[in-house]
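Trainee: Hi, could you walk me through this model? I'd like to go one feature at a time.
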Amino acid sequence: MLFNYIKIAWKVLLRHPFYTFITLFGITLTLTVLMVLTSFIDHLLGSHYPEYKRDKSLYIMNLTIQDSARSSMNNSPLSYNFIKEHIQKLKTPEKVGFSTFVSFANSYLNGKKIKLNTKFCDANFWEVTDYEFLEGKPFNEQNIANGEHVVVITDAIKKQYFEDETASAVGKSIEIDNEKFRVIGVVKAAPVTRLMTFSDVFFPYNLPKSNYQTAGLQGNFTAIVLAKSKSDFKAIQEEFNASVNRIPLPIALYGQKYDVIEVRAQTYTDTVLHTFMSGGREIYFYIGIVFILLILMGLPAINLVNLNVSRIMERASEIGIRKAFGAPSSALAWQFIIENIFITMIGGSFALILTLIIISIFNDSGLILHADLSINFSVFGVSLLVCLVFGLLSGVVPALRMSKMKVIDALKSS
Amino acid sequence: MLSHLFKLIWNKKRHHTLLMVEIWVSFLVLFGVMSLISYNFKNYVEPIGFEYENVWALDLNKNQDTTAIADKLHIILQKIRSYPEVEAASRMSSNSPFSFNTSNGSINYKKTSVHGDYYDADDAFIHTLGIKPILGTWFSQSDVVAKFKPVVINQQAKEGLFGEINPIGKIIGDNQKVVGVIGNFKAKGEFSDNRPCIFNLIDDKYIFNKVLIKVKPGTDANFEAKLTKEIASVAKEWTTEVSYLTDQRQNQHNLALVPVIVFLIITVFLLVNVAMGLFGILNLNIAKRREEIGVRRAMGATAGNIKIQFVGEMWVIATFGVLIGILFAVQFPLLNVFNIEASIYWMAIGLSIVVLYGIVTLCAYHPSRQAANIQPAMALHEQ
């Protein structure tokens, strides 16, 4: 039966190439936009290089202090002291790595300026992330304890700084901000959108310029807490909150007294959403997304509904005869819905090809440095779901109209 | 004729509901994107108010250094000014032009108050950025007399606080004496709002870590390397970040333009979709109404009459959709949503109407011409 429906749908498609073109054009464009969007969101929030363990990690990015009247607020990343006292001492996590947010440094080479993103991190940072070492190795506890001037650089920086690309950069010296460092490892560069792990060069955290000795709770560090498994999240969060609750209040800072500390260990998605829409405003984000999706899918869907309803008479004889032979309305409605989903799937496959092309152009364009947008299994799954929803959205109304047609009307007009 | 068309459409309103909904939603999408474009365009035509070519911004980060900061800063500034490559150098608060830092609040004069940006700068600031005061003068250290601190405001702040009165010598806030007025100062680039702002004279004791320098054209990274080395030799623990204002301006522009471009692409895609749909539906409608056209032609209607009828019908349908859309859109200027000038919304509504009718006409024209070409003999013969 299903096969027959699809065969009919195919014949209908071939009957009017012009309308088929309009239909497929609309479906393809709509689905392409949605697929690119999905891929982009996956790029921002999914587990990708160098954070393959993102779904097993909790992120601690910001610490907010407020006075009891909530009139004054101070929001900033964590201090090294805070990490040492309240995060590294936790017993439930598997590992804790930390690093500074990205800052900038300059390097000059033969009258050319290379602007570098810099990050200071500890030895565990290399274990909670999955940076791929093309040469050399990360710095370890020993290097850090010795206060060595070592640095891990990315392959992109190696290409810019060292003339001989084929020779290993390990052991060579690189001058950054008028200080010399020994290259200890070369990693594959990560996209700039990995907020907490991206950088061009990585220094040990205990160099003076990292400002790690800042007193107080706030500084410029962020931490990644790797759990043994996802189910441990709750235990880690409880232990962490208990540890934070032991901090004596109030805290004095710049002559102000603060009584409320707010710091959370959250999944990456929650952390990002929390940063950009603090204070329960996440709901607006979701409303916004739903609204945009509704417009994006709604308008082309209405368009298709219009076109299909206008073409209803083309199928009148077929409907009339089937009804006269006793086919129930529901069977007819299902037939038209399945037909519509079939057409949507054809459009969807065009869209998939188009999306692949757009993504590869985008990745090469350098609009986002080292971008690695891709269509993976989850993106593909979501895209398929989107196709189905769109097919239903644009198919139900015409299908109901067609199935409700009276036998007399249907047969008379032909 | 027109009332006749309205009657025709009204009689088949159920049939046309979906078309109207489609036009209504298209109108709202268009209105959104047109508001965004009008807003940015209106900002863009206002001059930025300063020169940024060959200006570098030096971020001096003192890190954990706490000793003799003011002295070191003084030495560094003198060194910078002594280079022949440097035309002018000025200290400034961290919210330098095109940076992502902001500092703002209210500026008060007697009982009036405007919301504006706060900047701190020294006496060389106007030479570095090529600003010319339109009233009074730029401040200098000699203006610091008794308890009054010299400030310079821009034209927007002057209009907001003083209207037509000459503000020179007036005291704003507690003890800020206006010594000069400058024109526009749009620090976040051409696409930013033209906001009121106020400049305070940088206090020698207070530590601001930004230095703007204007270099001679053609100065390259070799000089930059020399400069950062020099700074490092004065203050060993400090880090210096050099950025070019032209690059930072580009960043600000990207930030303003990327959303506009993304929305524009999406809107164009939606409208192309709608246009093709309309085209298809009209074609089908005309095929269905061949007999009607045949009878009208036989009764003496000209080809032009037929064309006008079909385009006119489409206009009437569009009018219904647009009217409902306008009902929603006027809420934005009336309720002053997002605190944007009402004129931008009115402009957006106007543009949306023009574009939408343009699309509808374009879609209706070809099918209508086909309808006009129908010969009565052919059309009536089929019956």
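Trainee: Where does Asn54(B) lie?

Mentor: Asn54(B) sits in the loop between α2 and β1 (55–61) of chain B. Helices (H or I, at least four residues) and strands (E, at least two) are DSSP runs, numbered from the N terminus. Keep in mind that this is a predicted model, where local features need pLDDT of at least 70, side-chain atom pairs count only at pLDDT 80 or more, and totals for chains, interfaces and linings use all residues. Residues are numbered from 1 along each chain as its sequence is written, while chains are lettered from A and ligands numbered from 1 in the order in which they are written.

Trainee: Thanks! And what is phi of Asn54(B) near?

Mentor: Phi of Asn54(B) is near 60°, a positive value in a residue other than glycine. Most residues other than glycine have a negative phi, and most peptide bonds are trans.

Trainee: Speaking of peptide bonds, is the one from Tyr49(A) to Pro50(A) cis or trans?

Mentor: That bond is cis, with omega near 0°. Pro50(A) is in the loop between α2 and β1 (57–60) of chain A. The bond from Leu249(A) to Pro250(A) is also cis, with omega near -10°, and Pro250(A) belongs to the loop between α7 (233–245) and β13 (251–253) of chain A.

Trainee: Back to chain B. Why does the span of helix α2 agree with its 33 residues?

Mentor: Helix α2 (residues 13–45) of chain B should span 48 Å at 1.5 Å a residue, and its end C-alpha atoms are 45 Å apart, so the two agree. The expected span is 1.5 Å times one less than the number of residues.

Trainee: Where is the kink in α2(B) centred?

Mentor: On Leu19(B), and the kink is about 25°. The bend at a residue is the angle between axes fitted to the seven residues ending there and the seven starting there.

Trainee: Switching topic: what domains does chain B have?

Mentor: The assignment gives domain 1 (2–45 + 255–381) and domain 2 (55–251); such bounds come from an automatic or database domain assignment. The C-alpha centres of these two domains of chain B are separated by 52 Å. Their contact takes 5 residues from domain 1 of chain B and 7 residues from domain 2 of chain B, where contact is C-beta atoms, placed from the backbone, within 7 Å. On the domain 1 side, α2(B) has the largest share, 3 residues.

Trainee: And which domains does chain A have?

Mentor: For chain A, the assignment gives domain 1 (2–48 + 283–413) and domain 2 (68–258). Their C-alpha centres lie 46 Å apart, and 7 residues of domain 1 of chain A are in contact with 5 residues of domain 2 of chain A.

Trainee: How many residues does each chain put into the contact between A and B?

Mentor: Chain A puts in 31 residues and chain B 32 residues. On the chain A side, α2 (17–45), β5 (103–109), β6 (112–121) and α9 (282–310) each supply at least two residues. Of these, α9(A) gives the most, with 11 residues.

Trainee: Last one: at roughly what angle do α1 and α11 of chain A cross?

Mentor: The axes of α1 (residues 2–15) and α11 (residues 329–365) of chain A cross at roughly 65° and come within 9 Å. Here axes are lines fitted to C-alpha atoms, for helices over the stretch in contact, with angles running from 0 to 180 degrees between N-to-C directions. Residues of α1(A) in this contact include Leu2(A), Tyr5(A) and Ile6(A), and those of α11(A) include Gln335(A) and Phe342(A).

Key:
Contact = placed C-beta atoms within 7 Å.
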